[in-house]
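I opened this entry to keep track of what I looked up, one stop at a time. The structure comes first, then my notes.

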Amino acid sequence: MVLTPERKHEIEQVARQVRIDTIEMTHAAGCGHPGGPMGMADFMATLFIAHLRLDGGNLHDPDRDRMVLGNGHTCAGLYSLLSQKGIFPHELLATFRKLGSPLQGHPHRNPELGIDMSTGSLGTGLSVGAGMALAARLNGWGSRIYVASSDGESQEGQIWEAATSAAHYGLSNLCVLVDFNNIQIDGVMREVMDVRDLRAKYEAFGWHAVEVDGHDVDAVDGALCEARVTDDRPSAIICHTTLGKGVSFMENDAGWHGVAPDDEQATQALAELGV
Amino acid sequence: MLAKTSETTTVETPSAKKIATRDAYGEALVQLGGERDDIVVLDADLSGSTRTKGFSKAFPERFFNMGVAEANMMGTAAGLAAMGKTVFASSFAMFAAGKAWEQIRQSICVPKLDVKICASHAGLTVGEDGKSHQMLEDLTIMGVLPNMTVIVPADAVEARGAVRAAAELEGPVYVRLSRAPTPIVLPDGHTFEPGVGTTLREGADVAIVACGVEVGAALEAAGLLAADGVEARVINMATVKPLDEDLLCRAARECGAVLTAEEHQVRGGLGSAVSDLLARTTPVPMDMVGVDDTFGESGTAEELLVRFGLDGASLAKRARTLIERKS
């Protein structure tokens with residue numbers, strides 16, 4: 001399966017809107033994590049538009065696909081995508097991180113909003129995804145379980161416990177997309193704590209593992225298609241990305257991991273995104 | 001909603017019959033598995049010891065051995081529960097509660113999922129394995145978690161009921177189980193109700209509030225005290241969270257002194273919970289029997305209970321001193 005030009009255009013527009021929403025949400029909140037979601041926007045948009053069976057129409061179908069955001073701090077992007085899939089109105093994004101909002105600073109499980117798991121503590125998501133994949137298989141459901149993770153999160157030991165058990169149980173309905181931007185809070189990942197070759201690691205743990213340019217939606221789509229036809233093991237897609245992609249002064253700057261743009265920066269960022 | 005009616009059952013002395021609560025768990029689990037096909041069981045390489053092995057043989061398709069990886073086991077349990085399963089996850093209390101606390105908090109308690117953590121080998125009565133395996137802090141770290149119900153069955157009869165209740169309760173439950181065979185202190189046909197304490201012996205000189213293996217010790221202490229003309233009320237507080245507040249406040253009012261007893265650190269467990277309640281509502285002289293800010297050691301279960309002052313005679317002694325403080 002190759003993306004049609006129309007589908008590719010749709011993904012690119014959705015990814016652009018993720019970036020715009022991320023800037024606006026973190027700017028309005030005065031805090032949050034803009035760098036990650038902007039880097040992840042292209043591969044997450046590819047997943048949500050071309051693969052993930054989750055939208056306003058099938059939200060309550062028990063056998064729909066699931067999405068666990070292991071790197072929960074990047075939830076501005078998740079919320080944007082859920083709203084773009086028609087699960088809740090775009091206006092709700094303005095409540096992000098505000099008192100009383102269901103769009104918490106890190107995801108809180110909410111079946112009405114398509115938020116499939118509470119995350120935020122790094123390392124927990126892949127285990128949860130594996131449990132969901134086991135349940136889907138037990139029930140004979142065709143659900144695919146997607147987990148977003150990151151290079152920094154791969155420093156958590158629980159990730160490798162989960163990688164071991166998911167391979168042991170042959171969870172071919174489980175797919176992890178690892179945002180590999182070589183940046184974490186304290187600086188450059190390779191300097192803070194080098195996780196080295198994640199593709200080789202996942203492969204050694206018994207997974208089908210590939211590396212792609214996380215901004216190349218055709219490549220990401222190809223990897224997701226390959227994962228869907230891999231029927232004997234879970235799949236890992238290592239997505240090489242640029243933190244803060246799309247806004248010149250944010251790109252590759254660890255400072256934008258968890259800081260919101262001020263008025264001037266938000267205006268400039270939105271201008272660069274063509275708003 | 002938890003029912004709030006208390007029942008009184010008269011049990012004079014512990015029966016000679018001894019069964020470990022973990023054995024009752026294993027049996028109850030197999031029975032539940034036959035009744036409900038949404039029950040899934042996980043274990044962390046201790047299925048022989050935690051007694052989940054029976055379920056694994058009866059329902060192999062619904063049992064998953066997660067290996068020696070407790071954090072991942074709790075996360076996997078959360079994922080299964082998020083898809084509608086009722087999940088029982090077992091290991092030794094030390095590892096289930098101790099190693100995986102943050103996963104239990106983040107992935108199970110925060111989203112309030114139906115994961116029932118049935119942890120065996122709790123407390124000193126693990127015995128010879130010693131301090132690395134003697135979990136004495138689990139009631140503290142499980143009880144402090146919002147959405148978590150905490151149950152410490154007094155005997156095998158109650159353990160069966162607690163396991164069934166855990167399956168029916170909404171949200172996470174922690175059930176504390178023992179390795180050592182312990183006396184049956186509750187009558188056959190006793191029905192466990194979450195949040196409901198049981199008065200096992202009437203008395204108005206002092207109330208002894210106990211959970212787990214200490215319920216037997218409390219009954220023994222009451223027998224010793226009765227020989228001196230002291231009538232101790234014995235209350236089995238199997239649900240440590242939420243407490244049966246009405247029953248406890250009434251006991252404090254009517255007895256004027258409350259002694260708690262648990263096979264756990266004296267701070268942060270049943271005694272702390274009861275004192276917290278009574279200090280706010282019905283302050284009376286109190287004392288708390290438990291392990292006093294120290295780790296355990298190797299020995300037989302019975303030796304250790306004596307060594308740490310958790311046997312019936314020690315409880316009776318503490319009760320006498322406490323009664324002297326009544327004004």
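**A cis proline.** I started at B:Pro242, which sits in the loop between β13 and α10 (245-255) of chain B. The bond that joins B:Lys241 to B:Pro242 is a cis peptide, with omega about -5°. Most peptide bonds are trans, and most residues other than glycine have a negative phi.

**Ground rules.** I am reading a predicted model, in which local features need pLDDT of at least 70 and side-chain atom pairs count only at pLDDT 80 or more, while totals for chains, interfaces and linings use all residues. Residues are numbered from 1 along each chain as its sequence is written, and chains are lettered from A and ligands numbered from 1 in the order in which they are written. Helices (H or I, at least four residues) and strands (E, at least two) are DSSP runs, numbered from the N terminus.

**Positive phi.** I then listed two residues of chain B. B:Asp45 is not a glycine, yet its phi is positive, about 65°. I found B:Asp45 in the loop between β3 (39-43) and α2 (47-50) of chain B. B:His121 also has a positive phi, near 60°, and is a residue other than glycine. B:His121 belongs to the loop between β6 (115-120) and α7 (138-143) of chain B.

B:Asp45 has 16 other C-beta atoms within 10 Å, so it is partly exposed. B:His121 has 27 other C-beta atoms within 10 Å, so it is buried.

**B:Val240.** I moved to strand β13 of chain B, where B:Val240 lies. B:Val240 is buried, because 24 other C-beta atoms lie within 10 Å. What does B:Val240 contact, leaving aside its neighbours within four places in sequence? I count two residues as in contact if their C-beta atoms, placed from the backbone, lie within 7 Å. The partners of B:Val240 are B:Leu139, B:Gly143, B:Val150, B:Val152, B:Cys211, B:Leu270 and B:Ala273. I also checked B:Ile208, which is 32 residues from B:Val240 along the chain; their C-alpha atoms are 14 Å apart.

**Two domains in chain B.** An automatic or database domain assignment sets the bounds. Domain 1 of chain B is 7-14 + 189-324, and domain 2 is 18-183. Over C-alpha atoms, their centres are 24 Å apart. Their contact takes 33 residues from domain 1 and 31 residues from domain 2. On the domain 1 side, α9 (214-227), β13 (239-241), β14 (258-265), α11 (270-281) and α12 (301-307) of chain B each supply at least two residues. By class, that side has 16 nonpolar, 14 polar and 3 charged residues. For these classes, Ala, Val, Leu, Ile, Met, Phe, Trp, Tyr, Cys and Pro are nonpolar; Asp, Glu, Lys and Arg are charged; the others, Gly among them, are polar.

**Strand β14(B).** I looked at cover, and 8 of the 8 residues of β14(B) are buried. Strands pair if DSSP finds at least two bridges between them. β11 (residues 206-210) of chain B runs parallel to β14(B), with 4 bridges. In this pairing B:Val209 stands opposite B:Thr260. β15 (residues 286-291) of chain B is also parallel to β14(B), with 5 bridges. There, B:Ala261 has B:Val289 of β15(B) as bridge partner.

**Helix α6(B).** I noted that 7 of the 9 residues of α6 (residues 101-109) of chain B are buried. Among them are B:Gln103, B:Ile104 and B:Arg105. Their cover includes α4 of chain A, together with α4 (70-82) and β6 of chain B.

**Chain A against chain B.** I finished at the contact between the chains, with 22 residues from chain A and 23 residues from chain B. α4 (125-139) and α5 (157-168) of chain A each supply at least two residues of chain A's side. α4(A) gives the largest share, 10 residues. By class, chain A's side has 10 nonpolar, 9 polar and 3 charged residues.

How values were computed. A residue is buried if 20 or more other C-beta atoms lie within 10 Å of its own, exposed if 12 or fewer, and partly exposed in between; C-beta atoms are placed from the backbone.
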